[in-house]
Structure formats: structure tokens, C-alpha cells
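I opened my notebook today to look at one protein model and its ligand. Here is what I looked up, in the order I went.

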Amino acid sequence: MMNYVAKYWNSISNKHTECVLCPHHCIIAPGKSGKCRVRKNLDGRLISTVYGKLCSYAFDPIEKKPLYHYFPGKEILSLGSVGCNLRCAFCQNDTISQASAETFPRLYEVSPNDIVALALTRSNNIGVAYTYNEPVVWYEFMMDCAREVQKAGMKNVVVTNGYIAEAPLSELIQVADAFSVDLKGFSEEFYAEMTGSSLAPVLNSLLQIKASGKHLEVVNLVVPGKNDDPEVFSEMVKFIHDELGRETVLHINRYHPHFQMTDPATPVKTMIALQELAKKHLSNVYLGNMPWRK
Ligand code: SF4
């Protein structure tokens with residue numbers, strides 16, 4: 001498949017490019033890639049190295065995204081590629097998030113029309129979810145698929161960390177129907193130390209999605225000793241209540257050791273205590289990665 005010229009970048013001097021798709025605003029020299037590893041400067045032009053390249057695709061229950069209040073009981077064709085604009089120490093999908101098109105052993109090549117054709121093969125399927133790795137870093141393919149999926153009368157679901165600039169998110173919102181957004185913590189210190197990014201742009205994305213009226217559910221992975229302080233957690237719940245609404249669905253997910261973290265899984269009693277705390281302010285609070293309890 002041909003190299004695909006990316007969207008949302010500027011030319012700067014000496015054939016360098018500035019990518020403005022996400023708040024990192026990477027300055028990329030010729031032959032180099034941005035922090036996400038999949039947007040590359042090829043002789044002064046920024047290209048997507050993962051356009052039409054998937055690490056996996058599957059029909060998943062919509063609840064697995066997780067979306068609990070959006071077409072429950074239905075399936076969604078779920079697509080994932082490689083790369084990520086964050087580097088979370090606790091990443092649960094590091095084999096794909098930390099890979100690139102050059103390093104991942106096998107990527108399937110597909111077109112937006114292939115995706116629509118596949119999505120239409122199952123009667124219980126409502127559309128396509130952009131998920132598994134961070135879809136913002138394969139923005140161009142996501143957008144091309146989403147336009148075709150919309151034309152075919154199906155739904156587009158975006159599962160994201162919300163670390164995206166305002167203009168591309170605005171364009172994405174035009175074709176997306178539902179979002180599942182990771183709010184990984186509620187302090188700039190946590191975001192800087194644990195994810196290599198920052199909190200403020202994620203909050204802005206949440207507000208932008210809320211203002212659009214598109215369906216929104218929020219996910220928070222609780223990492224012991226990192227983001228389980230009840231006071232900070234309460235501030236996060238207050239933000240969700242005040243800015244996104246009491247009915248906003250919050251999924252509190254249990255951390256298990258992955259990638260760079262070897263600390264034991266989040267204690268169950270911490271999970272239950274945080275759920276009880278969140279329920280005081282929010283109507284729909286679920287525990288995840290704990291299959292025996294909702
Ligand atoms: S999308 Fe990738 S290349 Fe672009 S600013 Fe973000 S991390 Fe950098």
C-alpha cells in the first residue's frame with residue numbers, strides 16, 4: 001500500500017515538519033517519526049505509515065469497548081492498528097501501542113470499503129469501533145472508514161485517550177456516534193509521570209465531546225499508589241458530575257501488572273470503596289476487569 005500523506009501538519013525550515021494532530025506538536029526531522037512512532041517525515045512531507053494497516057479486527061460485544069449504555073447486547077466490528085501518542089507505564093496493550101509499522105510482525109492491509117463490507121456481514125453488528133490501540137494516531141484511516149460507515153447507515157464508535165487537538169476532534173465528531181474516553185487520572189503530575197502527556201487537553205476533549213451531544217462514557221483505570229487517592233478521585237468525580245452530567249457513565253477499571261509496572265493488582269476493597277464514593281455523585285458507575293462484580 002502506498003504511503004499516505006497525513007493531515008494536520010505544517011512545513012517548517014530544513015524539511016522539518018510539525019505535526020499538530022495531538023497536543024505533543026512533534027517537530028520531526030526528515031526520516032524520523034513522531035512520539036507515536038507511526039507518523040513519519042518522508043523528505044519533508046508527513047505521512048501515516050499505518051494507513052489501512054490493522055494489527056487485528058474482530059466482532060466484539062459493544063460492552064467490551066466499554067460502552068454499557070449504547071446499544072446493549074449488540075456487536076461492533078472492532079479495528080486496531082499499532083502506535084500510541086502516550087506511553088503509560090501501566091499500558092494493558094503495550095505489544096501494539098509501543099510498536100510501529102516497521103516492528104510489528106504482521107499487519108493486515110484493508111481499505112475502507114473492505115471494512116464496510118465486513119461490517120455488513122453480521123445482522124447483530126451496529127457498525128465499527130476504532131479501538132485496541134489509540135486510533136488518533138491512525139486518524140486518516142479512521143476518518144476514511146468512518147465516512148463510509150456513516151454513508152452505509154451504521155455507527156462509528158471511538159475508543160480513545162482523548163489526547164487530540166481541537167480541530168481534528170471537531171472533524172471526527174462529525175462522523176462519530178459514540179466515544180469511550182480514558183480519563184487516566186486527575187492531576188498533571190500523574191499524567192506527566194505515568195503517561196508522558198498532560199491532563200488539560202484530555203479535559204478539553206471531554207468538554208468538546210459533551211458539547212457535541214454525542215454519546216460519551218468515561219473510563220478510569222485505578223493504579224494502586226498512583227491515582228487511588230480518594231481526594232483526587234473525588235475531584236475527578238466532581239468534574240464528571242459538574243461538567244459532563246450526573247448520568248455520565250463511569251467505568252472504574254482494575255489495574256493488573258503490565259508493561260513497565262510489576263506492582264500487584266489493585267486491591268478489590270479499593271475498587272469497591274471508589275465505586276461507592278463515585279456513586280454518591282454519579283448515577284451509572286461500573287467496575288471493570290472484575291468480572292464477578294458490576
Ligand atoms: S500524533 Fe504522533 S506525530 Fe503527531 S503530534 Fe501526536 S505524537 Fe507527535
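Predicted model: local features only at pLDDT ≥ 70, side-chain atom pairs only at ≥ 80, totals over all residues.

**Domains and ligand site**

I counted 17 residues of domain 1 in contact with 26 residues of domain 2.

Next I checked where the domains run. The domain assignment gives 4-48 for domain 1 and 53-288 for domain 2. I also noted the spacing: 24 Å separates the C-alpha centres of domain 1 and domain 2.

Then I turned to the area. An interface's size is often given as the accessible area lost when the parts come together. For domain 1 and domain 2, I have about 1,600 Å² buried between them, with 55% of it on carbon and sulfur atoms.

How many salt bridges does the rule find across the interface of domain 1 and domain 2? I wrote down 3. I looked up a salt bridge of Lys7 as well: its partner is Glu171, and the closest N and O atoms are 2.7 Å apart.

My last stop was the ligand. Which space does the ligand take? I found that it takes up the largest cavity. Around the ligand I listed several cysteines and histidines, including Cys19, Cys22, His24, His25, Cys26 and Cys36. Leu21, Ile28, Gly34, Lys35, Arg39 and Asn85 also surround the ligand. Sorted by class, I get 6 nonpolar, 4 polar and 2 charged residues in this shell.

How values were computed
Residues numbered from 1 in each chain as written. Heavy atoms only, no water. Near = heavy atom within 4 Å. 1 Å grid on protein atoms, 1.4 Å probe; cavity = no way out; pocket = protein on both sides within 12 Å on 5 of 7 lines; lining within 4 Å. Sits in = over half its atoms within 2 Å of the grid points. Nonpolar A, V, L, I, M, F, W, Y, C, P; charged D, E, K, R; others polar. Domains from an automatic or database assignment. Contact = heavy atoms within 4.5 Å. Buried area = accessible area lost by both parts, 1.4 Å probe. Salt bridge = Lys/Arg side-chain N within 4 Å of Asp/Glu carboxyl O.
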